[in-house]
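Subject: Structure handover

Hello,

Here is the structure for you to look through. Please open it first, then read the notes below it.

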Amino acid sequence: MKRDLLDLAARLTSERRPYALATVVRSERPTSGKPGNMALISADGVMHGWIGGSCTRSEVIRHALETLDQGEPRLLAFGSSRGRPDDLVPVPMSCSSGGKVEVHVNPVLPAPVLVVAGRSPVALALVRLGGAMGYATVAEASEDEALAAAADEVVDDLAETAARYAKRPRGWRLYGVVATMGQRDERSLTELAAAAPDYLGVIASPARMEEVRRVLAAHGLHADEIARVRGPAGLDIGAESPEEIAVSILAEVVQLEAQRTGADAVEPGDAVGSGDVAAEEAATGEGSGDQATDPVCGMTVPVAGSPSSVFEGEPVYFCCEGCRTRFDASPEAYLQKETTRG
């Protein structure tokens with residue numbers, strides 16, 4: 001890894017900004033990327049470094065951004081037809097020169113943020129245990145010196161804090177727990193729900209939760225938002241003490257995160273970015289607004305900066321100049337191919 005990439009990675013880490021590292025782990029000629037070549041992809045989709053030419057660049061960026069959302073690494077295989085392990089994701093190789101290359105993409109994410117509402121003993125236990133788990137902990141201002149000392153950040157206004165984290169960048173995970181113990185539960189939940197946290201729980205009995213849900217609905221929270229509130233928060237492990245309750249809640253967070261990443265994982269053999277998926281997105285208009293499908297090779301490419309042509313008044317984007325040249329020579333053939341893929 002070159003010094004400039006190390007410096008950039010260190011700066012992004014210190015600023016708590018997510019990024020992904022892409023490393024060439026295997027290649028077969030003719031490819032320009034060689035084992036050990038490395039690039040850093042920032043959350044805005046910009047690649048720094050070198051892993052090879054345009055045949056792999058756009059797909060690596062796309063997969064890198066997906067790993068930031070899902071929090072799981074991927075091993076991409078461009079043009080590979082050999083037997084592959086379960087964790088390898090096949091990706092079409094667009095270059096006419098052929099070659100094969102495998103690229104490992106690893107997300108580097110900032111520590112999850114745990115916002116705890118309330119000044120109760122359970123709030124203190126949550127902040128302490130969350131800190132021990134490596135979370136960035138946020139607590140409400142309190143006369144409790146132990147709570148203030150345990151938290152990474154102390155805030156006076158929960159609503160302002162939620163508004164700030166609602167604008168969090170891609171790759172950030174946010175967990176919220178209301179440990180107000182019956183005091184302003186609904187108000188705290190409403191404020192934290194505005195940040196769309198990845199987990200939102202409240203310490204309350206089942207009977208109390210029925211009332212909480214009615215009040216939240218009266219406050220205007222959407223039914224989907226109310227359904228995402230975990231209450232009573234925590235796994236049923238027979239917890240009694242504040243520390244045991246904190247363990248049960250954070251265990252539930254860990255469990256839900258594990259289920260999330262498992263559900264989002266790419267299934268072995270699924271050709272992510274293959275022509276079928278790309279064609280469906282092109283036909284329906286679904287997919288990200290700043291990406292397009294190369295009709296020659298089926299790769300997903302960023303609109304900005306990609307080679308392009310115009311056909312019947314509509315722009316067409318390509319992964320490389322070679323694909324554009326082949327398209328310009330016979331556009332009808334490739335558009336017919338694109339139409340029949342699905």
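First, a term for accessibility: a residue is buried under 20% relative accessible area, exposed over 50%, and partly exposed in between (1.4 Å probe, protein chains only). By that scale Arg26 is partly exposed, at 27% relative accessible area.

Now the ground rules. This is a predicted model, where local features need pLDDT of at least 70, side-chain atom pairs count only at pLDDT 80 or more, and totals for chains, interfaces and linings use all residues. Residues are numbered from 1 along each chain as its sequence is written, and side-chain values use heavy atoms, with hydrogens and water left out.

Salt bridges

A salt bridge is a side-chain nitrogen of Lys or Arg within 4 Å of a carboxyl oxygen of Asp or Glu. The whole structure holds 17 of these salt bridges. Arg26 makes one with Glu102, with 3.7 Å between the closest N and O atoms. This pair links distant parts of the chain: Arg26 sits in strand 1 (residues 19–28) and Glu102 in strand 6 (residues 100–108), 76 residues apart. Helices (H or I, at least four residues) and strands (E, at least two) are DSSP runs, numbered from the N terminus. Is Glu102 buried or exposed? Glu102 is buried, with a relative accessible area of 5%.

Next, Arg184 and Glu140 meet in a salt bridge at 2.8 Å, N to O. They too link distant parts of the chain, 44 residues apart. Arg184 is in the loop between strand 10 (174–178) and helix 6 (185–193), while Glu140 is in strand 8 (residues 136–140). Arg184 is partly exposed at 25%. Glu140 is buried at 6%.

Glu211 and Arg214 form a salt bridge with the closest N and O atoms 2.9 Å apart. Both lie in helix 7 (residues 206–218), three residues apart, or about one turn of the helix. Glu211 is partly exposed at 33%. Arg214 is exposed at 51%.

There is also a network of salt bridges, which links Glu59, Arg62, Glu66 and Arg74.

Aromatic rings

Rings of Phe, Tyr and Trp (its six-membered ring) pair if their centres lie within 6.5 Å; planes under 30 degrees apart count as stacked, over 60 as edge-to-face and the rest as tilted. How many aromatic pairs are there? The count is three. In one of them, the ring centres of Tyr165 and Trp172 are 6.2 Å apart and the planes are at 45 degrees, so the pair is tilted. Tyr165 is buried at 7%. Trp172 is buried at 15%.

Phe311 and Phe327 make an edge-to-face pair, with 6.1 Å from centre to centre and 80 degrees between the planes. Phe311 lies in strand 15 (residues 308–311) and Phe327 in helix 11 (residues 321–329), so the pair ties together parts 16 residues apart in sequence. Phe327 is buried at 1%.

Arg16 lies over its face, 4.4 Å from the ring centre. (A charge sits over a ring if NZ of Lys or CZ of Arg is within 6 Å of the ring centre and within 35 degrees of the ring normal.)

Best wishes
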